[in-house]
Amino acid sequence: MATNLKAVRGTRDLLPPETDLWQKAEATARSVFARYGFGEIRTPIMEDTQLFARGVGEETDIVSKEMYTWEDRARAQSEKAQSLTLRPENTAGVVRAYIEHKLGETGQLQKLFYIGPQFRRERPQKGRYRQFYQIGAEVIGAPSSGSESPLRDAEVLEMLATLLNELGITDWTLQLNSVGSSSDRPRYVEALKAALQPVKAQLCADCQRRAETNPLRVLDCKVPEDQPIIATLPQIADYLDTESKAHFAAVLAALDACGVKYTLNPRLVRGLDYYTRTTFEFLMETGLGTQNALLGGGRYDGLSEMLGGPKAPGIGFAMGEDRLVLTLQALNAEAAAQKLDAYIAPMGEAQNPYALALAKELRTAGLRVDMGDGSFRLKKSFEAADKVARRIVIVGEDEASTGVLTVKTFASGEQTKVTRAELISTLKSL
Ligand code: HAM
């Protein structure tokens, strides 16, 4: 039997010390979310397939090509077989939870964040994986909670600028657009359909189909030959009604007031069907190569109703955490490589129990401690200790009986005898 089992294509193991950077990113995000009044939501990784078909949209690349979907067998008579899907994104799941737990009835604006894996069967490359991680947030509520206010859009965007700034990432550009409300959309889609008729035959097979089923998705097409034609199609900005225009103008005014820079991109429709009004992406100049979208998001004022829920306008984003870490690595950011405070080296197996008791005492006092083993030679203990710790504590036969320990500090080369009573304060000193 083959023994070379490997992580599945498009998935990866994250190991220390890289995971230190992941923890740093997540800790910074959690700290920012807390300051902006967000609480954490954790939704299941698998959901009913219908959630994504209805929420994200049948004609999107995500739903039509990229989902991990399977027929889950019934285990008992009382159960039905069900089509399940590994979540390709988390907004639909959050809105499902909002409806299921009647969060709208609280009358409060819900500010929720999440950090977790998502799954899409994409062609793997740098910055694009089949299991990837998102750090995201959603602001959603009944209209009376203020969920529709352009101030919410601007607050989310300003929070993102602050988060990236705190992570030391500055060379981003924020691209912004408005894709209009559910009343603007039909007029635009009609215009798009009409404009597509004469040129449809020159487009790729997917676009020929989309021109009929969901013309907006033609604008996401990545086929290079289609781009010159797509560039000539009508722009949504010309089809916004007064209300949508005023909403967008108010978002821009609030961003100007707090100094968040942006570029308008009238082609930014994003690859998911639920968006209305504000849409955005933060793109990176360096570090990410072709997969340069660090994060994306927008408003989804009709999503709750599409899923059978009450009216609940919302806005949110998801940041690709894998891409965030790649960006931090390109900036040479290091999660301050912290060495352990001490490495305890028992000199013989008889000293092992003493070493473990000593480690327990030091760890209880808050010190970061690792241990060797009594079977190690002195040289091996020193080499192992020097790699991971600032100091070595030697536990020989004498030391264990007298309670006087030998401590060596690697940086200075200084070696001293320390009583057990003084050990904690010695190890805490720099
Ligand atoms: P999305 O644009 O599909 O939006 O994904 C958001 C971000 O996730 C992307 O900008 C990218 O950084 C990262 N990402 C997506 N696919 C991959 C992949 N295969 N490998 C690595 N990173 C990836 C959404 O998912 C929406 N739910 C965002 C949102 C929240 N809109 C409103 N609320």
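Biologist: How many cavities of 30 Å³ or more does a search of the whole structure find?

Modeller: One cavity of 30 Å³ or more turns up in that search. A cavity here is a set of points, on a 1 Å grid over the protein atoms alone, where a 1.4 Å probe fits but cannot get out. Keep in mind that this is a predicted model: local features need pLDDT of at least 70, side-chain atom pairs count only at pLDDT 80 or more, and totals for chains, interfaces and linings use all residues. Residues are numbered from 1 along each chain as its sequence is written, and side-chain values use heavy atoms, with hydrogens and water left out.

Biologist: Which residues line the largest cavity?

Modeller: Lining residues have an atom within 4 Å of a point. For the largest cavity they are V179, R185, L216, R217, V269, L272, D273 and Y275, around about 30 Å³ of space.

Biologist: Now the ligand. Which residues come nearest?

Modeller: Near means a heavy atom within 4 Å. There are 27 residues around the ligand, and E89, E122, Y129, R270 and Y275 come nearest. The shell splits into 12 nonpolar, eight polar and seven charged residues. Its largest share, six residues, comes from β10, where strands are DSSP runs of E with at least two residues, numbered from the N terminus.

Biologist: What lies 2.6 Å from a nitrogen atom of the ligand?

Modeller: An N or O atom in the side chain of E89; a polar contact with the ligand is a pair of N or O atoms within 3.5 Å. The side chain of R120 places an N or O atom 2.9 Å from a ligand oxygen, while a backbone N or O atom of G320 is 3.2 Å from an oxygen atom of the ligand. The protein covers 96% of the 660 Å² of accessible area that the ligand has on its own (Shrake-Rupley method, 1.4 Å probe).

Note on methods: A polar contact is a pair of N or O atoms within 3.5 Å; within protein, one must be able to donate a hydrogen and the other to accept it, and residues adjacent in sequence count only if both atoms are side-chain atoms. Helices (H or I, at least four residues) and strands (E, at least two) are DSSP runs, numbered from the N terminus. Ala, Val, Leu, Ile, Met, Phe, Trp, Tyr, Cys and Pro count as nonpolar, Asp, Glu, Lys and Arg as charged, and the others, Gly among them, as polar. On a 1 Å grid over the protein atoms alone, a cavity is a set of points where a 1.4 Å probe fits but cannot get out, and a pocket is an open set with protein on both sides within 12 Å along at least five of seven lines; lining residues have an atom within 4 Å of a point. Grid points are joined across faces, edges and corners, and a volume is the space filled by probe spheres set on the points.
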